[in-house]
Amino acid sequence: MALTTAETTLGSASAGSADRRFGPAAALSCRECGARYDLGPIFACIECFGPLEIAYEFSRVTREEIAAGPTNIWRYRSLLPVPADVAAKPNMAPGWTKLVKADNLARELGIRSLHVKDDSGNPTHSFKDRVVAIAVEAARNFGFHTLSCSSTGNLAGAVTAAAARAGLDACVFIPADLEQAKIVMASVYGGRLVGIDGTYDDVNRFCSELIGDELGDRWGFVNVNLRPYYAEGSKTLAYEIAEQLGWRIPDQIIIPVASGSQLTKIDKGFKELIALGLVEERPYKIFAAQAEGCSPVSAAYKAGHDVIRPVKPDTIAKSLAIGNPADGPYVLDIARRTGGAVEDVTDTEIVEAIRLLARTEGIFAETAGGVTVGVLRKLVAEGRLDPDAETVVLNTGDGLKTLDAVADQARPTAVIRPSLDAFRTAFA
Ligand SMILES: Cc1ncc(COP(=O)(O)O)c(C=O)c1O
Ligand SMILES: [Zn+2]
């Protein structure tokens, strides 16, 4: 049985890579021309410069086998490029975060069935722990002793934390003007934190130069030379959402977009579940969410373009501030193919959405969560989302990391002396 992605096949029970360190991963495959490469720390096709991704030969796996696994991403190890015994000696164990039934928010928005997949519950409080967990395994397999990345903030913290536990050196690169909480998180675990005077796209370009300058042979840049492995970690969001819904893919899902990697891998995860017979095949719509101040994919979608014109970001959603998104064209394809859309919201709408989610569901999201909830609200208001369909919205990070977004209105209702009189006077 062939999976819907051309590169992936369901093999016999004995199928799998020759290299057991990578479990069911069989090769790297070019997303553009299909050229295949041996598994290694490479990320671009030498034929056409297209991005490489993991091609698998899966063995059959049952819902029961998965359910018997640990309550973290390693329950899906047979679908990831990791060795079979990874769960016995995990480095980080992210995942199995809450899928919160959001009835209050659904009622307020006027939709029937809504869940929030709340990934703020991961070890470093964002979904990035999922992707880093896979990258660490790859880094160990390739013998890298230094873990690195270019980051909009969350990834830097996830990398330094995972490196600390794995006994690896860390050297991470961020734009120097990030939120204080993200700088603290990225530095508290040790390692080197390098602030670059520029945007994320400048940081990323600089990291590519470092890799070209031979560091790529010695350092594992999780989202550059280890990107094919790293990116697969986002598939676990698709697996978990489906399993937590009772092995069902939701009708509609709203996903934030920075580079677009997460969105493309959630789609890949759903397709794999269908091909493996773990869920029933049914249509689903993927909606991509951006901040207006950094909306190159949304702009291309609205203009009907296939090519994405890079922008200079200017938004409070700094974790999504990638002006030249590597996976942007694939996000466009997926939104169009599934009948979803790409939409954006202003900084004001992001803040309103953070407050709305907090007020209705008791979930405090970072600005990226404000973007998805804001886009959800906008799509419902404009009649572009089916109010009767099962909907999932992602919150990928913790509001404690972006306090400034809501701090201006956050103060005590009153400051009083500790006396009954003072209390009665204040609240009479
Ligand atoms: C909290 C959060 N959500 C979503 C994203 C988007 O991830 P991607 O680059 O895979 O689109 C990021 C990226 O940094 C992030 O930090
Ligand atoms: Zn190619």
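**Exercise 1. Find the backbone and side-chain atoms that touch the oxygens of ligand 1.**

Start with Ala-258: one of its backbone N or O atoms lies 2.9 Å from an oxygen atom of ligand 1. Next, go to Gln-262, where a polar backbone atom is 2.8 Å from an oxygen atom of the ligand. Then check Asn-154, which brings a polar side-chain atom to 2.9 Å from a ligand oxygen. The protein covers 97% of the 390 Å² of accessible area that ligand 1 has on its own (Shrake-Rupley method, 1.4 Å probe).

A quick word on the model: it is predicted, with local features needing pLDDT of at least 70 and side-chain atom pairs pLDDT 80 or more, while totals for chains, interfaces and linings use all residues. Residues are numbered from 1 along each chain as written, chains are lettered from A and ligands numbered from 1 in written order, and side-chain values use heavy atoms, without hydrogens and water.

**Exercise 2. Work out where ligand 1 lies relative to the domains.**

Look at which domains supply its shell. Domain 2 (99-125 + 232-409) and domain 3 (128-230) both give residues to it, so ligand 1 lies between them; the bounds come from an automatic or database domain assignment.

**Exercise 3. List the residues that come nearest to ligand 1.**

Take the 16 residues around the ligand (a heavy atom within 4 Å). Asn-154, Ser-259, Gly-260, Gln-262 and Thr-396 come nearest.

How values were computed
A polar contact is a pair of N or O atoms within 3.5 Å; within protein, one must be able to donate a hydrogen and the other to accept it, and residues adjacent in sequence count only if both atoms are side-chain atoms.
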